[in-house]
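Please read it alongside the sequence and the coordinates.

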Amino acid sequence: MGLATDLTFTLLERFRMGSCTHTTKGEPMKIGIIGAGAIGSTLARRLSRRGHDVRIANSRGPETIRDEALSTGARAVAVSEVADAVEVLIVSVPMNRNADIAEYVRAAPASAVIIDTSNYYPMRDGRMAALDEGQVETVWLSELFGRPVVKAWNAITAQSFDAKSTEAGDPHRVAIPVAADRDADREVAISLVEDTGFAGFDAGTLAGSWRQQPGAPVYCTDRSPTDIATWLAAADKDRVPQRRDLAMDVIGDYIDAGGIVDGNFLVSINRACYA
């Protein structure tokens, strides 16, 4: 079999063999979130609704956290307090802001699972040499934090994340890839992805998480649990940055022409550029 076929088979077997098992077994966890943008705020709502003890922080202070993020029980705290005694710390900031919050991540308990939702966009973040030279985004971030990091919730638009959650077993459920180097960390993250209303999919180790970065076929394309392995395997590392930039150019041109960008448009453009 070819490389792509081998990878597809391996990923499918992981999924069939139960790598999406909930290791939290429905028990509430203490979760901190750094970043109160669209993804961070939705995470705060979804996870607290499922009974988790959630605190959320940003760089501007707890008084600036929108009420919507706190509507199901999450608490706004100072960023210096967000990692205290947590079991999971989710980082949801632009890639170029991670250095600013690294000290708070390092303050989390050694046993805490660190989850990254960020993506690198040069037009927003400025040029970051290591990433431009091909280093995998979350591998770089793990080195910055000095901690093992999980990659999750990065490969879905804010609109789809807000609108497309479903209960387990729904035939239209959207899959979210989860990559990590430690099995236990990956299993916790997959369980929490399920708690947010999506199918967590074992995407392997961080070294391969470029397959869920911007420009890859699973990035913001709302793949199903039955076909996500095929699309992960179809990624071409050399073409991922090119397709990322192509999608941004198309979206920018559409906006300049007066077009209205919504979630369905973004998914359609991403599929057209990446497939």
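A residue is called buried under 20% relative accessible area, exposed over 50% and partly exposed in between, with a 1.4 Å probe and protein chains only. By that rule, 53% of the 275 residues of the protein count as buried. This is a predicted model, in which local features need pLDDT of at least 70 and side-chain atom pairs count only at pLDDT 80 or more, while totals for chains, interfaces and linings use all residues. Residues are numbered from 1 along each chain as its sequence is written, and side-chain values use heavy atoms, with hydrogens and water left out.

**Overall fold**
- The protein holds 11 helices and eight strands, taken as DSSP runs (H or I, at least four residues, for helices; E, at least two, for strands).
- Along the principal axes, the C-alpha trace spans about 45 × 45 × 35 Å.
- Among contacts (heavy atoms within 4.5 Å) with a separation of 6 or more, 71% join residues 24 or more positions apart.

**Surface**
- The accessible surface, from the Shrake-Rupley method with a 1.4 Å probe, comes to about 12000 Å², and 52% of this belongs to carbon and sulfur atoms.

**Cysteines**
- With a disulfide defined as a pair of cysteine sulfur atoms within 2.5 Å, the count is zero.
- C220 is in no disulfide, its nearest cysteine sulfur being that of C273, 12 Å away.
- C220 counts as buried at 5% relative accessibility, and C273 likewise counts as buried, at 12%.
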